[in-house]
Amino acid sequence: MSEPQLRVVLAKLGFDGHDRGIKIVARILRDAGMEVIYLGLRQSYLNVVNAVEQEDADAVGLSMHNASHMTLAPKMVEALAAAGLDVPVIVGGIVPDEDVTELLEKGVAVVLGPGASAEQVAISVRDAVAAKA
Amino acid sequence: MSLHGKNQRGQNLRELSAEAIFSLALDGELRALGRLITFIERDSDEAEVISELAHARAGNAHVIGITGAPGSGKSTLTGQLVALLNQKHPRAAVLAVDPSSPLTGGAILGDRVRMEDVASPETFIRSMATRGHQGGLALAVPGVVRVLDAMGYNPIIIETVGVGQVEVDIAGTADTTVVVATPGMGDAVQANKAGLLELADLFVVNKADRPGANDVRRDLDHMLDLSHTTGQDQRTGMRPEIVMTAALTGQGAADMWAAIERHRDAITANGQIDERRASRDLEEVRNRVMAVIERRVDDLLSEHGTTGALKAVRDREMAPSVAAREITNTRFG
């Protein structure tokens, strides 16, 4: 059998309407052979937890463009852990350099900035999933 | 939730047997159910054990297939249905099937987002990609439905795009098959061409707030008027109802559910539901047998390589049909 298909939940949490990036990422991951469960805008932690459970997802991708990342991303990591879900959280979007280390310390697997290539995005997801296995 | 479940909550599912994951799922742990479905979907080693456990408990759910052209509003309608079911049937399940890219094998599964906010928290939604592999979907979907049924989900709604024989078949083997039509998708001739219509137990004309909706209804009605001349209505002995909906506003959703219930009650009363389920099981066994045979045929042909009959075909000394007969006669004759 070929390599199991990766399933990734993509979401934007809370009030953040900038969804051009997440749509491009969805396409990038699809073209890298992954199954993207696209939740899109205005999602809650609970929606994401539900989706990861029911869809048996391998990773969560959060797109963040409204400077809420320091609050919402670590809370998403906690919510997943509290539900017994050991899946990596990958943050993409506008995150200042000085925030990255703290996000990683708080359990975010990878932070991808606007300069990330399609290849980097796909590889980061695969590596983050592999690191959990 | 039982103590057993609590103790294992948070435990890595990879360390548990398929049986243990099954009982966790029975205890209501959703990530365990999510994992069971993955096993079935991948047809991995655990799938058979899971299917055995599930089959013994299944057979209670009303299975509803919803199909129609892309963009006809299947997901939104399904969302409206589960929203409506919140009170009476809070434990509904939705299996939303979407196509995989034939080039990369990847897929964007975007149906969940149309349902989650309106569904009751107990609704289980699973997105499934067609995953290209031949006949794989036809094998996986009944398996997944069986697991959801065993867990007590009822009704179970399977939503597939009405293109491709497999997708159509899957929706067509439900207890109640709903075909969604919309205005602006071509005339009655197109509808007859699609091959979807013969399957329908119920027609929904969605986007009924748009111009042309009544024309679609009329075309469908005319087509159904002819069904007795083609013998199509003998399959069920029932004339499919036509319901008008506007999924975005929720208009008609209650009518749609009422028509689905009427159909369910009718086939329950006349015993057809049991026949449908029996033929569904038979079809599944048949698909499994076919999958094994197909693999053997592939092996056989690659064994033959370019010698003998296959070479003769290539050199134009033998017609393909003759070669096929020769090969089958020597092997199975």
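Reader: Where does helix α5 of chain B lie?
Author: Helix α5 (residues 74-85) of chain B lies across β1, β2 (93-98), β5 (156-161), β6 and β7 of chain B. The helix runs at about 170° to β5(B). Keep in mind that this is a predicted model.

Reader: OK. What is the strand order in the sheet of chain B?
Author: The order is β4-β2-β5-β1-β6-β7-β8 in chain B. That is an open sheet of seven strands, with parallel pairing.

Reader: Which strands stand at the edges, and why is one side of each left without a neighbour?
Author: The edges are β4 and β8 (241-244) of chain B. Each has a single partner strand, so one side has no neighbour in the sheet.

Reader: And the twist from one strand to the next? What does it average?
Author: The twist averages 20°.

Reader: Remind me, what do strands pair through?
Author: Strands of a sheet pair through backbone hydrogen bonds, either parallel or antiparallel.

Reader: Let's take β6 of chain B. How many of its residues are buried?
Author: Six of its six. Strand β6(B) covers residues 176-181 and is mostly covered.

Reader: Which residues point which way from β6(B)?
Author: Thr176(B), Val178(B) and Val180(B) point one way. Thr177(B), Val179(B) and Ala181(B) point the other way. All of them are buried.

Reader: How many bridges join β1 to β6 in chain B?
Author: Five bridges join strand β1 (residues 63-68) of chain B to β6(B), and the two run parallel. Across that pairing, Thr67(B) stands opposite Val179(B).

Reader: And how many bridges join β6(B) to β7(B)?
Author: Four bridges, again with strands that run parallel. Strand β7 of chain B is residues 202-205. Val178(B) has Leu202(B) as its bridge partner there. Val180(B) stands opposite Val204(B).

Reader: Switching to helices. At what angle do α2 and α4 of chain B pack?
Author: At about 40°, with their axes 9 Å apart. Helix α2(B) is residues 18-26 and helix α4(B) is residues 47-57. Roughly parallel would need an angle under 35 degrees. The two helices are therefore oblique to each other.

Reader: Is the crossing of α2(B) and α4(B) left-handed or right-handed?
Author: Right-handed.

Reader: Which residues make the contact?
Author: From α2(B), Ala18(B), Glu19(B) and Phe22(B). From α4(B), Val49(B), Ile50(B) and Leu53(B). The set divides into five nonpolar, no polar and one charged.

Reader: New topic: the two chains. How many residues does each give to the contact?
Author: Chain B gives 26 residues and chain A gives 24.

Reader: Which elements of chain B supply at least two residues each?
Author: They are α3 (30-42), β3, α6 (112-115) and β4 (124-129) of chain B. Helix α3(B) gives the most, with seven residues.

Reader: How do the residues on the chain B side divide?
Author: Nine are nonpolar, 10 polar and seven charged.

Reader: Which strands are joined between the chains?
Author: β2(A) and β3(B) are joined by three bridges and run parallel. Val36(A) has Ile108(B) as its bridge partner in β3(B).

Reader: What is the order of the sheet they sit in?
Author: The order is β5(A)-β4(A)-β3(A)-β1(A)-β2(A)-β3(B). It is an open sheet of six strands, with parallel pairing. The edges are β5 (110-112) of chain A and β3 (107-109) of chain B. Each edge strand has a single partner, so one side of each lacks a neighbour in the sheet. Neighbouring strands are turned by 25° against each other on average, direction ignored.

Reader: How many bridges pair β1(A) with β2(A)?
Author: Six bridges, in the parallel sense. The strands are residues 7-13 and 35-43 of chain A. Val8(A) stands opposite Val36(A).

Reader: What does helix α5 of chain A touch on the sheet?
Author: Helix α5 (residues 118-132) of chain A touches β1, β3 (59-64), β4 (89-93) and β5 of chain A. Its direction makes about 170° with that of β5(A).

Reader: Last one. Is Ala83(A) buried or exposed, and why?
Author: Buried, because it has 20 C-beta neighbours inside 10 Å. Ala83(A) lies in the loop between α3 (69-82) and β4 of chain A.

Reader: What does Ala83(A) touch?
Author: Val49(A) and Glu53(A), not counting residues up to four places away in sequence. Ala83(A) and Val49(A) are 34 residues apart along the chain, and their C-alpha atoms are separated by 7.4 Å.

Notes: Residues are numbered from 1 along each chain as its sequence is written. Chains are lettered from A and ligands numbered from 1 in the order in which they are written. This is a predicted model: local features need pLDDT of at least 70, side-chain atom pairs count only at pLDDT 80 or more; totals for chains, interfaces and linings use all residues. Two strands pair if DSSP finds at least two bridges between them. Axes are lines fitted to C-alpha atoms, for helices over the stretch in contact, and angles run from 0 to 180 degrees between N-to-C directions. Two residues are in contact if their C-beta atoms, placed from the backbone, lie within 7 Å. Angles under 35 degrees count as roughly parallel, over 145 as roughly antiparallel, 65 to 115 as roughly perpendicular and the rest as oblique. A crossing is left-handed if the near helix is turned anticlockwise from the far one by less than a right angle, and right-handed if clockwise. Ala, Val, Leu, Ile, Met, Phe, Trp, Tyr, Cys and Pro count as nonpolar, Asp, Glu, Lys and Arg as charged, and the others, Gly among them, as polar. A residue is buried if 20 or more other C-beta atoms lie within 10 Å of its own, exposed if 12 or fewer, and partly exposed in between; C-beta atoms are placed from the backbone.
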